Amino acid sequence: MHKCHPVLTVNFLSFDSQAEAEFILELLTSKPAQSCLDSMIFWDDKRPITIDILRRLSLQAVARELGLLEPYTDWAKAITQLPPFSLPSSDATPWKTLPPRQSV
């Protein structure tokens, strides 16, 4: 008999500093952000919180509502000035050297 298991999707946010992470956490957990998300989330749906819903939340609008537009703008400028991320060359990828996965 085949058993169904719930699927969990994780969205990961990476930050360069604790202060940066705390600033975004403040925006995401604020009343304006929570109100916006609550208006789009339908808990009876199979997947109530989707990446599309999360993408609809404007952190800039939340920052404006909270009077934090200037720090948000400074943060947004700083992250857009970072050099682009690139993976190492295919010869250096460590996962290619891993042994094949054994079936259980």
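**Figure 1. The helices of the chain in the predicted model.** The chain holds five helices and zero strands, so that, read from the N terminus on, its elements follow the order α-α-α-α-α. Of the 104 residues of this predicted chain, 18% count as buried. When contacts between residues at least 6 apart in sequence are considered, 53% of them join residues at least 24 apart.

**Figure 2. The largest pocket and the residues around its centre.** The volume of the largest pocket is about 520 Å³, and its lining is made up of 18 residues, of which Leu13, Phe15, Ile24, Leu28 and Leu59 are the closest to the centre. Sorted by class, this lining has 13 nonpolar residues, together with three polar and two charged ones.

**Figure 3. Helices that contribute to the lining of the largest pocket.** At least two lining residues come from each of α1 (18–28), α2 (31–40), α3 (51–56) and α5 (69–80). Among the contributors, α1 gives the most to the lining of the largest pocket, with three residues.

Figure 4. Ser30 is found in the loop between α1 and α2. Ser30 counts as buried because its relative accessibility is 8%, which lies under the 20% limit used for buried residues. Leaving aside residues up to four places away in sequence, Ser30 touches Val62 and Leu66.

Key:
Residues are numbered from 1 along each chain as its sequence is written. This is a predicted model: local features need pLDDT of at least 70, side-chain atom pairs count only at pLDDT 80 or more; totals for chains, interfaces and linings use all residues. Side-chain values use heavy atoms; hydrogens and water are left out. On a 1 Å grid over the protein atoms alone, a cavity is a set of points where a 1.4 Å probe fits but cannot get out, and a pocket is an open set with protein on both sides within 12 Å along at least five of seven lines; lining residues have an atom within 4 Å of a point. Grid points are joined across faces, edges and corners, and a volume is the space filled by probe spheres set on the points. Helices (H or I, at least four residues) and strands (E, at least two) are DSSP runs, numbered from the N terminus. Ala, Val, Leu, Ile, Met, Phe, Trp, Tyr, Cys and Pro count as nonpolar, Asp, Glu, Lys and Arg as charged, and the others, Gly among them, as polar. Buried means under 20% relative accessible area, exposed over 50%, partly exposed in between (1.4 Å probe, protein chains only). Contact means heavy atoms within 4.5 Å.
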